[in-house]
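Subject: The structure for you to look at

Hello! Here is the structure I promised to pass on. Please open it and keep it beside you while you read my notes below.

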Amino acid sequence: MRAVNIYILTRLLCLNLYSYYEKALSLRDEEIKVRPEEIDIIRVLVNNFRFHKASFEIMDGWFYSFTIPQIGKEFDLLKIDKNGVVVNLELKSKSVSQEKIEKQLKQNRYYLSHIAHTIYSFTYVKENETVAQLYIYDGSLRKSSFEELIEKLSEIDTPVTQNIESLFRPKDYLISPLNNPEKFLNDSYYLNAQQESIKKEIISSSEGIKSMWGIKGSAGTGKTLLLYDLAKSLCDRAKVCIVHCGILSDGHKYINSHINNILVIDAKSLSEHIIKGYSIVCVDETQRIYTRDLDVILDAFSNGTVETCIFSYDYAQVLSKAERRRNNPKRLNEIVGFQELKLTDRIRTNKEVFSFIRNMLDLSDKPLKQISYDKIDILYANDTKEADAISKFYRKSGYTFITFTPSQYVYSSIDHYSEHINSHQVIGQEFDNVVMVLDKNFRYSAEGILEGRKHPNPDYLFPRLFFQNISRAREKLCIIVLDNSALFTKLLCIKEHINVEDVTE
């Protein structure tokens, strides 16, 4: 994306062409909907710059309507200096409360603090047809002036003019309560608009009355963060028990030892005795909980011991045949009074990784527009010795190796990697970079669907374990194909956008 000159941007009078005109100026990948009232207020802004004798350069180098990739955080106007100074100017076409202005600018400063050491945060409000007001936030909100705005803009000597996306790394903002518990407890994060909306509905609708909620969302939509944030907010009201349907991680233990009124337990530890001490129960990865453990929670809710239940789940992420048969989300939705809310915005997995995963699972599911897979590595190893050498190199480079959960009863090829964390140990967690090995346990069907051979544990589903592992990656992904040239050929073709039919093994 390229910076624009807001004087030039506002010269066009034909509103029907503005979206095309803006795209031509900014060189953004996709056209955005330009609101007429926003262009009107930018035009007023430009007129004020001209009235105050601001230079043409002051009006140049602005990034208009930029959204941080994956995060969904939008800024109206940004001007960024290469030496760590940024001016953020938000636009309001009608009067809003100062509390809302301050909240937005404070949140903006959090996101901008990762790219600049000096941040000037302004909001320009068009209160009516004749009155406009400029505010600045510098620890507290106060009225400002165009002289002050121009003075701050004058500090920008070498403006960034293109490729703003490269400045914002999603991993700086995508915190996990389990992998980044310190940041989670210090409130060093923000929910996106959809998460905030669901949080507000649950908290406001459950106060003083019995309620049961479901948060449904696919991998990467932020279910776990929202659930834990809800627990942290609700623990001021009552004692909260979080039930994790997997193996407790160090992050779970950290939360247990650093926050009052919250207890995190694994589902296996659940009992009537424990649950009776808590008014609010939150269950993460509900699709995996055993029937007897779910019954304990539902019985406690029925008899009034528990007042609020919040379940998060994704039925697509079942790991075994038993989990698929139980279908806990379906059972919950059949309960009278149960309310399901859906997360649809994918914030954790970047567009590149998500697109590759979809195409890998189904060869016919190709992206409509060619996507660069620079953050995906597809490598080949002839034997386990070579695979070990490659994985060791990647682990030293900051990748997390995830293997498949072994059977515990029958030895198989996946047991070679038993020293690494497995599918069940990473439930609810996420990692910047993931490396994994695919061997002859995987193949493609005639229809182009990725299939897994029968797992040594007949209850486990190899394709589901694979999806669990691969969907933990936030930034980069490395797949080492071990002694399986047919699989390697197809994966390499996906990465390089080559038709499999054109390649001879």
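**Two loop residues**

D187 sits in the loop that joins helix 6 to helix 7 (193-206). Before going on, a word on how to read all this: the model is predicted, so local features need pLDDT of at least 70 and side-chain atom pairs count only at pLDDT 80 or more, while totals for chains, interfaces and linings use all residues. Residues are numbered from 1 along each chain as its sequence is written, and side-chain values use heavy atoms, with hydrogens and water left out. Helices (H or I, at least four residues) and strands (E, at least two) are DSSP runs, numbered from the N terminus.

Back to D187: its phi is near 60 degrees, a positive value in a residue other than glycine. Is D187 buried or exposed? D187 is exposed, with a relative accessible area of 52%. (Buried means under 20% relative accessible area, exposed over 50%, and partly exposed in between, with a 1.4 Å probe and protein chains only.)

N261 also has a positive phi, of about 70 degrees, although it is not a glycine. You will find N261 in the loop between helix 9 and strand 9. N261 counts as partly exposed, at 34% relative accessibility.

**Helix 9**

Which residues of helix 9 (residues 250-258) are buried? They are G251, H252 and I255. Seen down the helix axis, these buried residues fall within an arc of 105 degrees, so they line one face of helix 9. (The arc is that of the directions from the helix axis to the C-beta atoms.) On the other side of helix 9, D250 and S257 are exposed. The buried residues pack against helix 6 (181-185), helix 8 (223-234), strand 8 (240-244) and strand 9 (262-266).

Helix 8 is also where T224 is found. T224 counts as buried, at 11% relative accessibility. Leaving out residues up to four places away in sequence, T224 touches P177, L178, D284, E285 and G428. (Contact means heavy atoms within 4.5 Å.)

**Around the start of the chain**

A3 lies in the segment before helix 1 (6-9). A3 is buried, with a relative accessible area of 13%. Not counting residues up to four places away in sequence, A3 touches G61, W62, F63, V160 and T161.

R50 has its place in helix 3 (residues 36-51). R50 counts as partly exposed, at 44% relative accessibility. Apart from its neighbours within four places in sequence, R50 is in contact with Y7, R11 and M59. R50 and E501 are 451 residues apart in sequence and 61 Å apart in space, C-alpha to C-alpha.

**Rings and charges**

Two of the residues that R50 contacts, Y7 and R11, turn up again here. R11 lies over the face of Y7, at 4.2 Å from the ring centre. (A charge sits over a ring if NZ of Lys or CZ of Arg is within 6 Å of the ring centre and within 35 degrees of the ring normal.)

How many aromatic pairs are there? The count comes to 22 aromatic pairs. (Rings of Phe, Tyr and Trp, the last by its six-membered ring, pair if their centres lie within 6.5 Å; planes under 30 degrees apart count as stacked, over 60 as edge-to-face and the rest as tilted.) One of these pairs is Y18 and Y21, which is edge-to-face, at 6.3 Å centre to centre with 70 degrees between the planes. Y18 and Y21 are three residues apart in helix 2 (residues 18-26), so about one helical turn separates them. Y18 is buried, with a relative accessible area of 1%, whereas Y21 is partly exposed, at 26%. Elsewhere, Y110, Y111, Y173 and Y190 form one aromatic cluster.

**An enclosed space**

The structure holds one cavity of 30 Å³ or more. (On a 1 Å grid over the protein atoms alone, a cavity is a set of points where a 1.4 Å probe fits but cannot get out; lining residues have an atom within 4 Å of a point. Grid points are joined across faces, edges and corners, and a volume is the space filled by probe spheres set on the points.) About 60 Å³ of space lies in the largest cavity. The residues lining it are F401, I402, T403, F404, I414, Y417, V437 and D439. Strand 14 (residues 400-403) gives the most to this lining, with three residues.

Enjoy exploring!

Notes:
On a 1 Å grid over the protein atoms alone, a cavity is a set of points where a 1.4 Å probe fits but cannot get out, and a pocket is an open set with protein on both sides within 12 Å along at least five of seven lines; lining residues have an atom within 4 Å of a point.
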